[in-house]
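User: I'm new to this one and would like a quick tour. Could you show it to me first?

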Amino acid sequence: MAIAQENPLLEGLQIRRAPDDCILVIFGASGDLTKRKLFPALYSLAYRRLLPEHFAVVGISRTEETDDEFRDRMKEAVQAHSRVWELLASGMRYVAMDFADDEREDRLTETLTELDEERGTGGNRVYYLATPPGAFETVVRAVGKRRSAQGWARLIIEKPFGRDLASARQLQKTIEEFFEEREVFRIDHYLGKETVQNMLALRFANGIFEPIWNRQFVDHIQITVAETLGIEGRAGYYEQAGAVRDIFQNHMLQLVAITAMEPPIDFTADSVRNEKVKVLRAMHTPGPKSVVRGQYGRGYVEGEEVPGYREEQDVDPNSMTETYVAAKLYVDNWRWADTPFYLRTGKRLARRETTIAIQFKRAPHPPFEELSAERLKPNVLIVHVQPDEGVSLAIGVKVPGQGMTIRTVHMDFLYGGAFRTGLPEAYERLILDAMLGDATLFTRIDEVEEQWSLVDAIVAAWARDRPAFPNYSAGTWGPTAADELMERDGRAWRQR
């Protein structure tokens with residue numbers, strides 16, 4: 001409260017309506033996602049008093065564990081203390097079960113019924129599938145067959161939703177046997193990040209940007225999702241997914257859709273998602289020369305030597321899995337015709353960052369071009385999604401002193417500096433929205449299908465050749481072919 005009173009930007013804010021009383025059932029409760037993301041998010045929501053008054057959590061996993069052991073493990077994960085944790089922990093239960101075990105499924109049903117009576121949750125359920133993707137259909141059938149006759153049910157599904165268009169449609173067919181589309185929440189945690197949501201405010205709440213947010217004023221757009229980490233022991237998953245399925249198919253194409261979409265008529269879930277899917281449908285499949293893939297070799301990241309991808313634990317020493325993808329895409333509509341969108345994502349790159357850079361066309365005739373101390377750079381609007389959340393605008397200004405010497409400087413907005421409060425984690429917002437039944441920041445099935453259609457076409461083209469992997473060193477910005485992709489157009493990737 002002290003922060004809110006000191007900062008005028010936070011004055012007058014109203015807390016959203018509270019979610020209905022409910023039980024959150026987490027399948028895969030012994031996994032890394034539950035420990036690192038889900039329970040810290042729940043604890044934060046409890047601390048900020050945003051959870052329902054009557055609330056409970058049931059963890060489901062194959063690991064044999066008691067209720068108390070589960071509570072202790074989650075408490076250690078969030079480093080919790082004080083009365084807030086006690087309020088959350090009092091409604092926590094754990095059920096050890098195989099996801100296709102009828103006897104244990106009955107035990108889960110009994111546990112949920114007992115919690116309804118004890119906690120007053122009224123049969124309302126949020127099912128969170130934090131399991132490996134191969135278990136999704138099994139879990140959906142298990143919970144679908146035992147849906148409570150009372151209350152509502154919502155299903156949160158982690159990515160990837162399928163591994164291609166055919167498997168995504170098969171998974172959707174199974175879901176439709178038990179759940180309606182309005183009850184399904186396909187989570188993409190990038191959409192829960194404040195700076196991604198801020199793209200909508202930046203465009204549609206400011207009269208100075210939207211009139212120039214088009215092909216007449218924008219030269220090109222660059223979207224970068226760069227990681228310094230490797231696969232972190234996830235070879236079993238990553239060998240099947242690669243960068244194109246892990247990041248490109250979901251996170252990156254969603255960032256393109258939000259950047260390029262038309263203004264929605266309102267900010268209801270369907271209005272926003274209708275505009276996003278129009279962008280995805282307008283994107284044509286890039287040719288082979290417009291897509292680059294790479295795989296990292298040995299190198300140095302932040303001064304420490306790291307192994308190449310093929311040297312990682314449990315990775316095939318002859319693996320052809322890509323850890324880097326760069327592509328040039330076009331959105332073939334009136335607003336963006338002939339304006340390239342350059343995308344790149346990779347592991348073991350030089351720096352961790354996620355940015356959306358809108359580069360505007362140069363001024364047609366700057367009279368002081370020859371007087372500038374360096375070649376005058378075009379204006380660039382940069383949305384920093386992570387790690388330094390904010391917005392930056394590059395402009396040309398006169399250097400103090402005699403003569404007309406021009407330099408490029410940046411006007412910066414940082415969330416931490418302006419609001420003087422920490423940003424909520426993406427999972428906090430997304431879990432709360434699912435409880436509220438607000439699907440605005442979740443992907444609809446037609447979006448997923450359009451994304452897979454594009455990726456399937458890219459992957460099919462890759463089947464015809466075998467590049468020489470590894471083709472970039474860890475700690476660099478990727479293969480030289482990615483630089484050449486930009487250089488052919490007379491452009492270059494941003495390094496800052």
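User: At roughly what angle do the axes of helix α6 and helix α7 cross?

Analyst: A note first: this is a predicted model, where local features need pLDDT of at least 70, side-chain atom pairs count only at pLDDT 80 or more, and totals for chains, interfaces and linings use all residues. Residues are numbered from 1 along each chain as its sequence is written, and side-chain values use heavy atoms, leaving out hydrogens and water. Helices (H or I, at least four residues) and strands (E, at least two) are DSSP runs numbered from the N terminus, while axes are lines fitted to C-alpha atoms, for helices over the stretch in contact, with angles from 0 to 180 degrees between N-to-C directions. The axes of α6 (residues 136-145) and α7 (residues 165-176) come within 9 Å, and they cross at roughly 10°.

User: How is α6 oriented relative to α7, roughly parallel or roughly antiparallel?

Analyst: Angles under 35 degrees count as roughly parallel, over 145 as roughly antiparallel, 65 to 115 as roughly perpendicular and the rest as oblique. With a crossing of roughly 10°, α6 and α7 are therefore roughly parallel.

User: Which residues of α7 meet α6?

Analyst: Contact here means heavy atoms within 4.5 Å. From α6 come F136, E137, V140 and R141. Their counterparts in α7 are Q170, L171, T174 and I175.

User: Is N124 buried or exposed?

Analyst: N124 sits in the loop between α5 (102-119) and β4 (125-129). Buried means under 20% relative accessible area, exposed over 50%, and partly exposed in between (1.4 Å probe, protein chains only). N124 has 10% relative accessibility, so its label is buried.

User: Why is strand β5 described as largely enclosed by the rest of the structure?

Analyst: A153, L155 and I157 point one way from β5, with R154 and I156 pointing the other way. β5 (residues 153-157) is called largely enclosed because of its five residues, the number buried is five.

User: What is the bridge partner of Y127 in β5?

Analyst: β4 and β5 run parallel and are joined by five bridges; two strands pair if DSSP finds at least two bridges between them. For Y127, the partner in β5 is L155.

User: Which are the edge strands of the eight-strand open sheet?

Analyst: The order is β8-β12-β13-β7-β14-β15-β16-β17, with mixed pairing. Two strands each pair on one side only: β8 (291-294) and β17 (406-414).
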